[in-house]
Amino acid sequence: MTGISLNLPEDLSNSLADLAKTNGQSVNYLAVDVVRDYIEHERTLTAQFELAVEEVDQGIFATDDQVAAMRARRWSRSTG
């Protein structure tokens, strides 16, 4: 494993320490877990963007009905 040094604002450092303590984990373990999750999230998001660009390049677009259905689902979740 490679070590790094990270300077965090005091409030973030305290929150990390509190959460680690609450979960019975070390700060290091929790920080590694958070970084791993973030990297996976960003990789997934990048892959989705790349796929969307490929679809646009191929002329594949959502229909008006598909967009309306997505908006309806989005608004029903945010208001529910």
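**View 1. The largest pocket holds about 620 Å³ of space.** Closest to the centre of this pocket, among the 19 residues that line it, are I4, L6, A31, V32 and V35. Helix α2 gives the largest share of the lining, eight residues, and α1 and α2 each supply at least two. A pocket is an open set of points on a 1 Å grid over the protein atoms alone, where a 1.4 Å probe fits, with protein on both sides within 12 Å along at least five of seven lines; lining residues have an atom within 4 Å of a point. The volume is the space filled by probe spheres set on the points, which are joined across faces, edges and corners. The model is predicted, so local features need pLDDT of at least 70 and side-chain atom pairs pLDDT 80 or more, while totals for chains, interfaces and linings use all residues. Residues are numbered from 1 along each chain as its sequence is written, and side-chain values use heavy atoms, without hydrogens and water.

**View 2. L6, L8 and L12 form a nonpolar surface patch.** Together these residues have about 280 Å² of accessible area (Shrake-Rupley method, 1.4 Å probe, only the protein chains shown counting as cover for residues). Patch residues have over 30% relative accessible area and no salt bridge, and nonpolar side chains (Val, Leu, Ile, Met, Phe, Trp, Tyr) are joined within 5 Å, like charges within 9 Å. A salt bridge is a side-chain nitrogen of Lys or Arg within 4 Å of a carboxyl oxygen of Asp or Glu. L6 lies in the segment before α1 (10-23) and counts as exposed because its relative accessibility is 61% (exposed is over 50%, buried under 20%, partly exposed in between; 1.4 Å probe, protein chains only).

View 3. Helices are DSSP runs (H or I, at least four residues), numbered from the N terminus. The 14 residues of α1 should span 20 Å at 1.5 Å a residue, and its end C-alpha atoms are 20 Å apart, which agrees (expected span: 1.5 Å times one less than the number of residues). G24 follows α1 and has a positive phi, near 70°.

**View 4. Helix α2 covers residues 27-57.** Its 31 residues reach 45 Å from first C-alpha to last, close to the 45 Å expected. L30 is found in this helix and is buried, with 7% relative accessible area. Between the C-alpha atoms of L30 and L19 there are 8.3 Å. After α2 comes G59, with a positive phi near 80°.
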